[in-house]
Amino acid sequence: MVVRKGERTRGAILDGAWRLATELGLEGLTLGRLAEDLELSKSGLFAHFGSKDELQTATLARAAERFAEIVILPALQSTGGEQRLRALVERWLDWPRRARQPGGCIFVAAAAELDDRPGPARDKLVALQREWRDTLARVVKRAQDLGDLRPDVDPGQLAFEIQGIGLACHETARLLRDPRAVERARAAFERLLADARARS
């Protein structure tokens, strides 16, 4: 597939935009600030994004593409049920570092910013977060089908609890600056998994 120069430029702009948004928030992500940060002209950016809403939703979509590349697709290469779930959670906990997000996970930051603010960016984020929760639940269901997890485990509930671990990890790492945040998240996940594991 041939990628046109305009598409490459837009992709590069959005990569810069979502990293900047992790520090400034989506509301702080203006065309002027982005142009300054990327050393581009505002008129050049206007050619790619006609409004702030469009920039924000495109930024979230780009971050979701990278999340799929860095977290979801490699984890789905793992065989087995529990192994796949473990790979998914491990890559997710490491996502802010792997994607070089200076302000931490853009989705967590955006959720705090947009939870009570209606609009296209919130709608996009809600759709992405539901998709992520559904992915976790599907991987849990596969682990059940393969006999790794108990059949009476509710995949949606387990996905909810795993999501909670990730959110606690983010707050502990970013707000509390606890260097053991990921270690604590792993320990919590292991206890959750042990409780859900099929009895031999």
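At 1% relative accessibility, Trp95 counts as buried. The model is a predicted one. Phe107 is buried as well, with a relative accessibility of 7%. Trp95 and Phe107 form a stacked aromatic pair, with 6.1 Å from centre to centre and 10° between the planes. Trp95 belongs to helix α6 (residues 95-98) and Phe107 to helix α7 (residues 106-114), so this pair ties together parts that are twelve residues apart in sequence.

The whole structure contains six aromatic pairs. In one of them, the ring centres of Trp92 and Trp132 are 5.2 Å apart and the planes stand at 55°, so the pair is tilted. Trp92 sits in helix α5 (residues 81-93) and Trp132 in helix α8 (residues 120-145), so the pair links parts that are 40 residues apart in sequence. Trp92 is buried at 11% relative accessibility, and Trp132 is buried at 5%.

## Thr59 in helix α4

Thr59 is part of helix α4, which covers residues 52-76. Its relative accessibility is 0%, so Thr59 counts as buried. Apart from neighbours within four places in sequence, Thr59 is in contact with Leu14, Ala17, Trp18, Leu26, Leu29 and Ile106.

## Cysteines

The structure has zero disulfides. Cys105 takes part in none, and the nearest cysteine sulfur, in Cys169, is 10 Å away. A disulfide requires the two sulfur atoms to be within 2.5 Å, and the 10 Å between the sulfur of Cys169 and that of Cys105 is therefore too far for a bond. Cys105 is buried, with a relative accessible area of 6%. Cys169 also counts as buried, at 8% relative accessibility.

## The chain as a whole

The protein chain has ten helices and zero strands. Along the principal axes, the C-alpha trace spans about 65 × 45 × 30 Å. Of the 200 residues in the chain, 42% are buried. Among contacts between residues at least 6 apart in sequence, 67% join residues at least 24 apart.

The accessible surface of the chain is about 10,900 Å², and carbon and sulfur atoms account for 51% of that area.

Key
Residues numbered from 1 in each chain as written. Predicted model: local features only at pLDDT ≥ 70, side-chain atom pairs only at ≥ 80, totals over all residues. Heavy atoms only, no water. Helix = DSSP H or I, 4+ residues; strand = E, 2+ residues; numbered from the N terminus. Buried < 20%, exposed > 50% of the residue type's maximum accessible area, 1.4 Å probe, protein only. Contact = heavy atoms within 4.5 Å. Areas by Shrake-Rupley, 256 points an atom, 1.4 Å probe, with all protein chains shown as cover. Phe/Tyr/Trp six-rings, centres within 6.5 Å; stacked < 30°, edge-to-face > 60°.
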